[in-house]
Amino acid sequence: MKRMKHPTTATHHRSLLDRELDGNLDRIVKDLRNTGDSWRTIASLLTIMTGCYVSHEALRRWYKTEPSPKEHQ
């Protein structure tokens with residue numbers, strides 16, 4: 001059985017997180033990546049901050065153009 005893709009699901013989830021963070025999701029993620037935090041750490045922090053579960057894989061997909069902490073050194 002082939003899994004159906006729901007293109008609006010990720011967008012809705014990201015919008016929900018952003019709304020819970022008063023529109024600061026992108027800034028928070030960028031700031032945490034710039035200080036060297038991993039996607040897993042950021043996902044855990046966002047889940048705690050918003051009460052909305054987000055996986056590290058979802059964050060990595062949403063922000064795939066963000067450099068890894070190693071690239072900042």
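Is Thr50 buried or exposed? At 11% relative accessibility, Thr50 counts as buried. Buried means under 20% relative accessible area, exposed means over 50%, and partly exposed lies in between, with a 1.4 Å probe and protein chains only.

This is a predicted model, in which local features need pLDDT of at least 70, side-chain atom pairs count only at pLDDT 80 or more, and totals for chains, interfaces and linings use all residues. Residues are numbered from 1 along each chain as its sequence is written, and side-chain values use heavy atoms, with hydrogens and water left out.

**Overall build**

The protein has four helices and zero strands. From the N terminus on, the order is α-α-α-α. Helices (H or I, at least four residues) and strands (E, at least two) are DSSP runs, numbered from the N terminus. Of the 73 residues, 25% are buried. The protein exposes about 5600 Å². Carbon and sulfur atoms supply 53% of that area. Accessible areas come from the Shrake-Rupley method with a 1.4 Å probe; for residues, only the protein chains shown count as cover.

Contact means heavy atoms within 4.5 Å. Take the contacts between residues at least 6 apart in sequence: 48% of them join residues at least 24 apart.

**Thr50 and Leu17**

Thr50 sits in helix α3. Leu17 belongs to helix α1. Leaving out residues up to four places away in sequence, Thr50 touches Leu17, Glu20 and Leu21.

Leu17 has a relative accessible area of 0%, so it is buried. With the same exclusion of residues up to four places away, Leu17 touches Leu25, Thr50, Cys52, Val54 and Trp62. Tyr53 is 36 residues from Leu17 in sequence, with 9.0 Å between the C-alpha atoms.

**Pairs apart in sequence**

The table sets out the C-alpha distances.

| Pair | Sequence separation | C-alpha to C-alpha distance |
|---|---|---|
| Arg40 and Leu59 | 19 residues | 8.8 Å |
| Ser15 and Leu25 | 10 residues | 8.9 Å |
| Leu17 and Tyr53 | 36 residues | 9.0 Å |

Ser15 lies in helix α1. Its relative accessibility is 35%, so Ser15 counts as partly exposed. Arg40 is placed in helix α3. At 56% relative accessibility, Arg40 counts as exposed.

**Helix α2 against helix α3**

Helix α2 covers residues 25–34 and helix α3 covers residues 39–50. They pack at an angle of about 140 degrees, with axes 10 Å apart. Axes are lines fitted to C-alpha atoms, for helices over the stretch in contact, and angles run from 0 to 180 degrees between N-to-C directions. The pair α2 and α3 is therefore oblique. Angles under 35 degrees count as roughly parallel, over 145 as roughly antiparallel, 65 to 115 as roughly perpendicular, and the rest as oblique.

The crossing of α2 and α3 is right-handed. A crossing is left-handed if the near helix is turned anticlockwise from the far one by less than a right angle, and right-handed if clockwise.

From α2, the contact uses Leu25, Ile28, Val29, Leu32 and Arg33. From α3, it uses Trp39, Ile42, Leu45, Leu46 and Met49. These residues divide into nine nonpolar, no polar and one charged. Ala, Val, Leu, Ile, Met, Phe, Trp, Tyr, Cys and Pro count as nonpolar; Asp, Glu, Lys and Arg count as charged; the others, Gly among them, count as polar.

Asp22 is in the loop between α1 (7–20) and α2. Its phi is near 55 degrees, a positive value in a residue other than glycine. Most residues other than glycine have a negative phi. Asp22 has a relative accessible area of 69%, so it is exposed.
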